[in-house]
Amino acid sequence: MDLMSTIAGSMMEGYFPAGWDLAKIDACMTADPASITDRQSWWHADFEPVMCSSVTDFDTILGHEIALTIKQSRDAGEKLALILPVGPMGMYRWAVYFLKEWGVSCDHVYGFNMDEWSDADGNTLPPTNPGAFQYAMQEAFYGPLGDLTVPENQRHFATADVLPSYAEKIGELKSAGAKLGVIFGIGRVCHIAFWEPHFAGEFNSEEEWKKQTHRIGAKLHPLTIEQNAVTSFKSRTTLVPAYANTIGPGCFLQADKIIGGCDGIFSRGMQWQGMSVWMTLRHEPTSWIPSTYMTTQPGRLIILDELAGPLQAECN
């Protein structure tokens, strides 16, 4: 007895994205945690999952990847466009640490925050609100870098007036020789940024889906709202907006390098992200599971060991 055998007639019927085959998704999980890094045929030759054993290691490794990418672009005399997340967040402290230790200025970096909470019309929280992603980035990254920071006119946030210009600005930078790095987490429903799986149902083909650069006032899946209630809003679901402005695959699938991170654990063996990680790595690419496309790009996905499982019942 499980969800698949009891879902008919339940409150969960029709809850998951229409393109999800729950039996196929369940088959992505195996009993052997060590097998999670086994290469799949559709992975990019330079895509690599990297396992780590603690949150401290996770934050340090991910922060080092970000800082090293910034340093390498500066050493090469290149501009660097970075698509940036708010979640995960602990890596920014270490990125700042390494950049300061190395004395690397970030005046060649162009930051594009991938998403922001909004209402249905795309109106966003003021940047002084502690729930706003712009506030979080200032506190965690731009501010602590001090004199080495990214210039203010090179920081872009996903407001209704600025987000539609992202693709053009990134395209101009790349045409002039800049590299694009995409830093990301993976949502409970396997979204990248707030590009939700149910959006796939609006398009006639994967190619049409891949061309979408952004969405203003994107309607969020209930699992996304609950994930953020427990990870960012101290369980207070009533504080979580039901919409967001977000980049789309037309931006996050253009990376020269991806830097991903999955750290979705709590304590006492509880977690929220293991199934999403297995889906990302083991399900062939599909617009109904946006994160599956990240494995087709070069770069690294840093994963906490605990998320590999085994994903079996354990009453907490």
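Analyst: We will go through the ring contacts step by step. This is a predicted model, where local features need pLDDT of at least 70, side-chain atom pairs count only at pLDDT 80 or more, and totals for chains, interfaces and linings use all residues. Residues are numbered from 1 along each chain as its sequence is written, and side-chain values use heavy atoms, leaving out hydrogens and water.

User: How many aromatic pairs does a search of the whole structure find?

Analyst: Rings of Phe, Tyr and Trp (its six-membered ring) pair if their centres lie within 6.5 Å; planes under 30 degrees apart count as stacked, over 60 as edge-to-face, and the rest as tilted. The search of the whole structure finds 17. Take Trp94 and Phe98: their centres are 6.1 Å apart and their planes at 40°, so this pair is tilted.

User: Where do Trp94 and Phe98 lie?

Analyst: Helices are DSSP runs of H or I, at least four residues; strands are runs of E, at least two; both are numbered from the N terminus. Trp94 and Phe98 both sit in helix α4 (residues 91-102), 4 residues apart, about one turn of the helix.

User: Which elements hold Trp117 and Phe133?

Analyst: Trp117 and Phe133 form a tilted aromatic pair, 5.6 Å centre to centre with 55° between the planes. Trp117 is in strand β4 (residues 115-118) and Phe133 in helix α5 (residues 133-142), so the pair ties together parts 16 residues apart in sequence.

User: Is Trp117 buried or exposed?

Analyst: Buried means under 20% relative accessible area, exposed over 50%, partly exposed in between (1.4 Å probe, protein chains only). Trp117 is buried, at 2% relative accessibility. Phe133 is buried too, at 7%.
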